[in-house]
Amino acid sequence: MTNNDILHGFRRVGEQPSKETGSTIVYYEHETSGAHLVHLQNEDPHMAFGIGFRTLPEDSTGVAHILEHSVLSGSRKFKTREPFMELLKGSMNTFLNAMTFPDMTIYPISSQNRKDLRNLIDVYMDAVLFPRIHEMKEIFLQEGWHHHILSPDEPITYNGVVYNEMKGAYSSPEANVAIQVARALNQGTTYDHESGGYPYDIPRLSYEGLKEFHTKYYHPSNSMIYLYGDIDREDLLRLLDEEYLCHFQRKNPDSDLVLKEQEPGIKRFDFEYPADENQTAKEHSYLSYAVSLGHADSVDDYFINTILNEVLIQSESSPIKQALLEKGLGEDFMSLSGDTYYLDFGLAAKHTADGRLDEFVGVIESTLKHMTEQGIDEKLLLAALNRTEFKLREARGTLKGIIYFINVMSAWRYGNDAASYLNFDDVFARMRLGMKEGLFERIIQERILNNPVKILAIHRPKANLFGELDRKVEEELAELKAGLSQEALADLIAENEKLLKFQTTEDSKEDKATIPHLDLSDIDRHIPHIEEESVRLGNADLLFHPWNSSDISYLTAAFSMAPLEREDIVWAGYLAAVLGIIGTDKYTYSELNNEINIYTSGLHFSPSVFKKLSGPDEYEARFNVYSSAMGDYYPKMFEFLDEVLFRTGFSDNKRLKEIFLMLRSNLESSFDFQGHTIVMQRVASFFNQASRYLEELSGIDFYDHLNLLLKDFDGNSDLIQTNLRRVAKGLFGSQDLVLSLTGEPERKSELMDAAADFIRRLPQGSARPAVPLVFELGHRKEGLTSASGVQYAAKGYNLKKLGFEYTGEMVVLASILSMDYLHNAIRARGGAYGAGISIDPFGNAVTYSYRDPNLRNTVNVYDGMSDFLRNFALDEDDVKNYIIGTMPRFNPPLTASDINTLVLARRFSGSSEAEIEKRMSQAIDTRKDSIMAKAQLMDQLMKQDYLCVLGSQDKINQEKDLFSVIRPIKINQ
């Protein structure tokens, strides 16, 4: 084809090479509908598709977010209640999701199978352009919000998936601070609204409002369609044209941003965020400083904003961060950069005094002034440029097709060339040249120091902030109910009964048949072989894996933790937090950070505990160190590894305290965003040795220990230094070391030579048998209370301890329970954001719920899994679809960045390619009867009654009979 040629209604309007993505970018426009399409044409077998729309909220009811959920709940061609879930069950997709941004909504998918990708595209296009929301109000009531009441004696409450999701999101102090600043900085614009929905505004959205929003924005003229990889382009363009786009006529998309120049001046705000009762304004306030750095329709400004965020806020070498820490102005700091047209730029200090705002601003601006006058440290800038470029080139490995789609949409939504955020070589060349000419100093002076609009804010903690709002809501709903006539109340109950019937009625066989699925014959029962060369060097093993890696070399050094005693475990966790961001013999920590990031992707330290297939309580603990480097910089990985492992100084008490406070901050943030993983790990630690080890290494027990240390850090400083030195000395030797390399085949000799030299320089120790520590375990039902407005609940046990065998069928079982029973009972009917069960090959079976408004009902649902299996209503075709959907678990897409982690996990767990293929075959051979036979297993697992819940203090105390222990999650502060 040449430019202006037409293929299936698409006019080809241009193309350009993209060296950075290894693609040719081909541009199309659909003649009839006005849809734009971009294809990143390359030979990548991991293909991707996406469609996105500009979606501009006019209030904070969350209409864009609720619509994102709702369109995936049935469409013109695909009649099931939730085609999205049906796709998850029976597709070999490697990514399937939808995302709401402040001004756009996107629907990305990926797969390694062409037939599967076509099926996914068909369903997603029908969902976004022809959803059933226009005739089925129940979808809006389930996904958005509704007045919930099923009996005249019940109170009216609010319920809905997005409603509860956003109640969970607003439980996070960091989320509150970021949203408050963004809205204050962008008053009167599109970004003065919460696109995800403010929980107490969501009930103002009407069903009619949702439908109108869809009609206005979900039109092809307002869309960007994206294709990536080795696709059958002609077939997909035909599908898009004949099934979808030909039904629409081009129109003015009417999706212009609401923009407004802010009134000049320094604007001060006082905000509140939800906090625990023991948090005070003098110790736990946030202070924020923010400006608009430019507009995202300038590609250079877009990247400059990213670089300055790294230089001034994210980097451990940031002069601002160091100056604030020197003055004790915050325990940790967060970036306030937003993903919008306005390049919001700023930072917030966490946990400081509310009366220090002026001092906070003074330190920031005096530091910036000094940087503009004296010049920014060249190495700091080089490190930021390299780190940012490295991330762009890797594009998160297997997700790169999806990441590129987000970049395309991010550029297109502001009128930029779709490739402008992908082809970054020229931009970085300009920035490196500009660096020598004072570019960044000028930006700081003109757009930060001299910015005519600045936002300064205090964010004070308020205990039970949303509890008070919830009580007000309860009063309003009680008044609403009291004011209803008997007829109106009966109508409301009838609407809820209709919704419940919608949620509980099984899809018909005919409706299920509308969803396209793969066949079992489409499955390859073999997984890719990973070639490995292994060399024994003394007591260490050196591995090399040849892989097409874009000339990035990857290193993982896995040091044995067998020498550690029980009391050493927690110190290994601290050691991982400290290494690489504290000074060494040769460098200050700031210099070290810059040097590492100039030449490598960084040094990352992660102690891990690998459960073994040989027994339910057998495990192996490893202290893993990761790094990667481009091209000829690979020797720097070993140079910095040597410097950090053996020349780190632990005598800088001030820096150690800074790191420990930041560590606590990061852990506390995870309570709000990863609550489900926290309770899953916690409940497993009650019955499993490996999980118990991990809990002391990085879980709630570790957090408790950290809080105790910080209560008297100065008094504990000698103890801290001594233990860090002792544990480091015991860990970092060649005994039982496994060092794994992945890179280009032609790099093998030089990489292995460099690694061998590193191993030979290590302290020599005698190999020790890996005799795991044995922990005392015990039955526990624990409630962890917090300021959250929702719950995260986990229940489980180890099936091997009950005498059951793990087979590949368990993956299918977990999929059926998660996506059918638990999804319907806890998410669809209960209003939680998510729910499921994990059954791992080592026997641990643990349920979870995520941003869940319920507690007892969720526990009862878990206990009902066995009855669901005994009365299993699905047929063999349903089971077949579930089997297909589990295949990516056995055979995920791989990139060079994944190989070291994968091969070491297999090695330390006692697994192999043959073992994985065996479990894969067992999964493929699963039948309905074998799933029903697992009812006894689920019965026995739940009867062990191991439980952990993190969530609302009020809710947990209301259900206190469920627990043997109730404690605040932040018990030691």
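**Cavities in a predicted model**

The second largest cavity in this predicted model has a volume of about 150 Å³. By cavity I mean a set of points on a 1 Å grid over the protein atoms alone where a 1.4 Å probe fits but cannot get out; the volume is the space filled by probe spheres set on the points, which are joined across faces, edges and corners. Residues are numbered from 1 along each chain as its sequence is written. Local features need pLDDT of at least 70 and side-chain atom pairs pLDDT 80 or more, whereas totals for chains, interfaces and linings use all residues, and side-chain values use heavy atoms, without hydrogens and water.

This second cavity is lined by 16 residues, lining meaning an atom within 4 Å of a point. Ser171, Asp672, Ser786, Ala787 and Lys970 lie nearest its centre. Strand β12 (265-275) and helix α23 (653-673) each supply at least two lining residues, and α23 gives the most, with 3. Helices are DSSP runs of H or I of at least four residues, and strands runs of E of at least two, numbered from the N terminus. The lining has 8 nonpolar, 4 polar and 4 charged residues; Ala, Val, Leu, Ile, Met, Phe, Trp, Tyr, Cys and Pro count as nonpolar, Asp, Glu, Lys and Arg as charged, and the others, Gly among them, as polar.

I turn now to the largest cavity, with a volume of about 170 Å³. Of its 16 lining residues, Glu86, Lys89, Asp507, Asp820 and Asn824 are the closest to its centre. Helix α29 gives the most to this lining, with 4 residues. By class, the lining of the largest cavity has 4 nonpolar, 3 polar and 9 charged residues.

Definitions and conventions. 1 Å grid on protein atoms, 1.4 Å probe; cavity = no way out; pocket = protein on both sides within 12 Å on 5 of 7 lines; lining within 4 Å.
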